[in-house]
Amino acid sequence: MKKYEILSRIESTGIVAVVRAKNSEDARRIALACMDGGIDAIEITFTVPGANRVIESLSQEFGDKLLVGAGTVLDSETARLAILSGAKYVVSPGFDIETAKLCNRYQIPYMAGCMTITEMIRAMEAGTDIIKLFPGSAFGPSFVSAVKAPLPQVLLMPTGGVDLNNVAQWIKNGCVAVGVGGNLTKGTSDEITATAKQFVQKIKEARS
């Protein structure tokens, strides 16, 4: 897939499922449950043991049907491993210039975690595609409007603190998508699928 197609798909659904798990089997279970609930962008974090193998397995099995990305990428070495394993996008908790360069070199979307306007401008200048507002719980949805006043061009995706009660506010305030971890991925597979469906529906309603 081309870079713009990946970004368009993420924006279309409006949610990235952030998968943290104790092992690769559980990570796969969570990913499939989210997929069954209508979320086609799955971020496998590198805190998962064997994360690159999970990314590779899901990418090979589902191809472009599932957008499998790599999360908690702290450096360019990890980013390259993720890309070679089939990751279609790379997400970092902070901004790393070398990771930004590598992702741009291979035309893979890069989402860097930022907290301040200065960080966001620096990340955007380096070619970061989406600014991951992290941790979102430290700000709240109203912060998005404040950021977009001086930076109307910024694409924001809050992660951390996004739940079913406030996801509509994040979207209405101008976020291109949201990243959701524990408030989506905990519970049985059926529970995760049901929650995923609720998130997708609330995002659709917020946009309409």
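This is a predicted model: local features need pLDDT of at least 70, side-chain atom pairs count only at pLDDT 80 or more; totals for chains, interfaces and linings use all residues.
**Stop 1: the surroundings of Ser-59**

Display the helix that carries this residue: Ser-59 belongs to helix H3. Now show the side chain and look for its polar partners. A polar atom of the Ser-59 side chain lies 2.7 Å from the backbone oxygen of Ile-55. The side chain of Ser-59 also reaches the backbone oxygen of Gly-86, at 3.3 Å. Next, select Val-68, Ser-85 and Gly-86: Ser-59 is in contact with these residues when its neighbours within four places in sequence are left aside.

**Stop 2: Asp-64**

Select Asp-64 next. Asp-64 is located in the loop that runs between helix H3 (51-62) and strand E3 (67-71). Is Asp-64 buried, exposed or partly exposed? Its relative accessible area is 42%, so Asp-64 is partly exposed; the range for this class lies between 20% and 50%.

Asp-64 and Ile-6 are 58 residues apart in sequence, and their C-alpha atoms are 9.3 Å apart in space. Then select Met-1, Arg-9 and Lys-88, which are in contact with Asp-64 once its neighbours within four places in sequence are set aside.

**Stop 3: aromatic rings**

How many aromatic pairs does the structure hold? It holds one. Select Phe-139 and Phe-143 to see this pair, whose rings are stacked, with 4.3 Å from centre to centre and 20 degrees between the planes. The word "stacked" applies because planes under 30 degrees apart are counted in that way. Colour the two residues by accessibility: Phe-139 counts as partly exposed at 23% relative accessibility, and Phe-143 counts as partly exposed at 23% relative accessibility.

Move on to Phe-134 and Lys-132. The charged end of Lys-132 sits over the ring of Phe-134, and its distance from the ring centre is 4.6 Å.

**Stop 4: cysteines**

A disulfide is a covalent bond between the sulfur atoms of two cysteines. How many disulfides does a search of the whole structure find? The search finds zero. Select Cys-103, which is in no disulfide; its nearest cysteine sulfur belongs to Cys-114 and is 14 Å away. Cys-175 is likewise in no disulfide, and the nearest cysteine sulfur, again that of Cys-114, is 14 Å away. Cys-103 counts as buried at 0% relative accessibility, and Cys-175 is buried with a relative accessible area of 5%.

**Stop 5: the whole chain**

The chain contains 10 helices and eight strands. Its radius of gyration is 15 Å, close to the 17 Å that the globule rule gives for 208 residues, so the chain is as compact as a globular protein of that length. Along the principal axes, the C-alpha atoms fill a box of roughly 45 × 35 × 30 Å. Of the 208 residues, 53% are buried. Among contacts between residues at least 6 apart in sequence, 59% join residues at least 24 apart.

Definitions and conventions: Residues are numbered from 1 along each chain as its sequence is written. Side-chain values use heavy atoms; hydrogens and water are left out. Rings of Phe, Tyr and Trp (its six-membered ring) pair if their centres lie within 6.5 Å; planes under 30 degrees apart count as stacked, over 60 as edge-to-face and the rest as tilted. Buried means under 20% relative accessible area, exposed over 50%, partly exposed in between (1.4 Å probe, protein chains only). A charge sits over a ring if NZ of Lys or CZ of Arg is within 6 Å of the ring centre and within 35 degrees of the ring normal. Helices (H or I, at least four residues) and strands (E, at least two) are DSSP runs, numbered from the N terminus. Contact means heavy atoms within 4.5 Å. A disulfide is a pair of cysteine sulfur atoms within 2.5 Å. A polar contact is a pair of N or O atoms within 3.5 Å; within protein, one must be able to donate a hydrogen and the other to accept it, and residues adjacent in sequence count only if both atoms are side-chain atoms. The radius of gyration is taken over C-alpha atoms; the globule rule is 2.2 Å times the number of residues to the power 0.38.
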